[in-house]
Amino acid sequence: MDQPNNEALSILTRISISDQEYHEITALIYDRFGIILSEEKRSMVMGRLQKYMRTNGYSSYSQYIDHLKSNNGYQALSSLIDNISTNYTFFYRENDHFDYFSRTVLPELTGRLAVRDKDIRMWCAACSTGEEAYTIMFCLMEHLGSAYGQWNSGLLATDISEKVLKIAQTGKYTSEQIEKVPLAIRNKYLKLKEPKIWEVTDKLKEEITFRRFNLMNRDFPFKKQFQVIFCRNVMIYFDQPTREKLVKNFSDFLVPGGYLFIGHSESLRRTQDNLKYVMPSVYRKK
């Protein structure tokens, strides 16, 4: 008798989800992380959670949801967002932002701060696996050059997913992943560690503080405002009230004249009257 293959076994052991269970788990995801998951996402949600649930001994979604809601559910919640979130990114993504950042924002910012405290505060608010954060630092270190050490500078890079933060902290990428990094930048800030594996230099990694942070937190813990905030291609997963609340928080933590970069597929409503449109997906606090 033929034995079922792995795919067939997976189908046979698939844990079914009721309408009520799907509603409960998507409501929990929205409440904790702000992410909207419609009925059309049901297959994706099930597909991403099946292996985790079987591996961790859950026999039903109800059992899994009860654990998520319990006092002992922190690690399960962390794994939930790791499994559900989409982490698509690459070096120099939406490169016109980095052109504008290098040619306009940084010269204006450093020119103004050079006669003051030389304190540059920037935040990459959804850093994923790190490519965006490292690209920001490539631009900053190239702009300041040999004078970099004279500045109190660096970057805060946060994400909700512990899984992607671990990847970002290692700073290791394949040859394919660094294809868009210009050769001169690659030779200066990345080192070939093993065949087709490159690693960001320790000197650059030390300039980035990677931390887990949930953008849905009611209070932001920062003591000082930032001059630049990048939060790109994140708000597309939020509904309008959540976006408006988040943008208000960003605005509150931007200095007057500070810049907010969002994704090309995102835009702000005119109700955000304290943020002035500069160019597609770039805004400046009045």
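Which residue in E5 is the bridge partner of Lys191? In this predicted model, the partner is Glu199. Residues are numbered from 1 along each chain as its sequence is written. Local features need pLDDT of at least 70, side-chain atom pairs count only at pLDDT 80 or more, totals for chains, interfaces and linings use all residues, and side-chain values use heavy atoms, with hydrogens and water left out.

The protein contains eleven helices and ten strands. Both are DSSP runs, numbered from the N terminus; helices (H or I) have at least four residues and strands (E) at least two. The C-alpha atoms fill a box of roughly 75 × 50 × 35 Å along the principal axes. Of the 286 residues, 50% are buried. Buried means under 20% relative accessible area, exposed means over 50%, and partly exposed lies in between (1.4 Å probe, protein chains only). Contacts (heavy atoms within 4.5 Å) were counted between residues at least 6 apart in sequence, and 72% of these join residues at least 24 apart.

Strand E5 (residues 197–200) pairs with E3 (residues 172–174) and with E4 (residues 190–194). Strands pair if DSSP finds at least two bridges between them. E3 and E5 run antiparallel and are joined by three bridges. Here Tyr173 has Trp198 of E5 as its bridge partner. E4 and E5 are also antiparallel, with four bridges. These two strands form a hairpin with two residues between them. In the turn, Lys196 has a positive phi of about 65°. In a regular strand, side chains alternate between the two faces of the sheet.

Salt bridges number 15 in the structure. Each is a side-chain nitrogen of Lys or Arg within 4 Å of a carboxyl oxygen of Asp or Glu. Side chains of opposite charge can pair when their charged atoms come close. Lys188 is partly exposed at 46% relative accessible area. Glu142 is partly exposed at 35%.

Arg121 forms a salt bridge with Asp119, at 2.8 Å between the closest N and O atoms. Asp119 is buried, with a relative accessible area of 7%. Asp31 and Arg32 form another, at 3.8 Å. Asp31 is exposed at 57%, whereas Arg32 is partly exposed at 34%. Asp19, Glu39 and Arg42 are linked in a salt-bridge network.
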